[in-house]
Amino acid sequence: MIKKKVPMRKCTGCQEMKNKKELIRVVRNDAGEYSLDATGKKPGRGAYVCKNIECLEKACKNKGLERSFKSAVPKDLYEELKKQLEEANE
């Protein structure tokens, strides 16, 4: 039986390689708009963050998303991500 390859991505907060399904994808499209991608299929440049608040705070502190996108990321995106993580952890 052939084993299927599991896609691995690096978290921009903790810098650890993890399974793609364990991470949240943040997408910047061609128009420069940022959005959260739960499916992992939206078109555009993507960056990944773990599903815990500590990694999100690390990504904010060390500007991990800014480095991934090579542009400034609005603060409201971090707030939206934090709100989504808090809802998921309840």
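Contact here means heavy atoms within 4.5 Å. By that cut-off, Leu81 touches Ile24, Val26, Leu36, Leu56 and Leu65, leaving aside residues up to four places away in sequence. The model is predicted: local features need pLDDT of at least 70, side-chain atom pairs count only at pLDDT 80 or more, and totals for chains, interfaces and linings use all residues. Numbering starts from 1 along each chain as its sequence is written, and side-chain values use heavy atoms, with hydrogens and water left out.

**Nonpolar cores**
- A nonpolar core is a set of buried Ala, Val, Leu, Ile, Met, Phe, Trp, Tyr and Cys residues joined through side-chain atoms within 4.5 Å.
- Buried means under 20% relative accessible area (1.4 Å probe, protein chains only), exposed over 50%, partly exposed in between.
- The largest core has 15 residues, and those with the most contacts inside it include Val26, Leu77 and Leu81.
- Elements giving two or more residues to this core include strand S3 (23-28), helix H1 (53-61) and helix H3 (75-89).
- Helices (H or I, at least four residues) and strands (E, at least two) are DSSP runs, numbered from the N terminus.
- H3 supplies the largest share of this core, 4 residues.
- A second, separate core has 6 residues, among them Cys11 and Tyr48.

**Aromatic pair**
- The whole structure holds 1 aromatic pair.
- Tyr34 and Phe69 form this edge-to-face pair, 5.3 Å centre to centre with 65° between the planes.
- Rings of Phe, Tyr and Trp (its six-membered ring) pair if their centres lie within 6.5 Å; planes under 30 degrees apart count as stacked, over 60 as edge-to-face and the rest as tilted.
- Tyr34 lies in strand S4 and Phe69 in helix H2, 35 residues apart.
- Tyr34 is buried at 19% relative accessible area, and Phe69 is buried at 2%.
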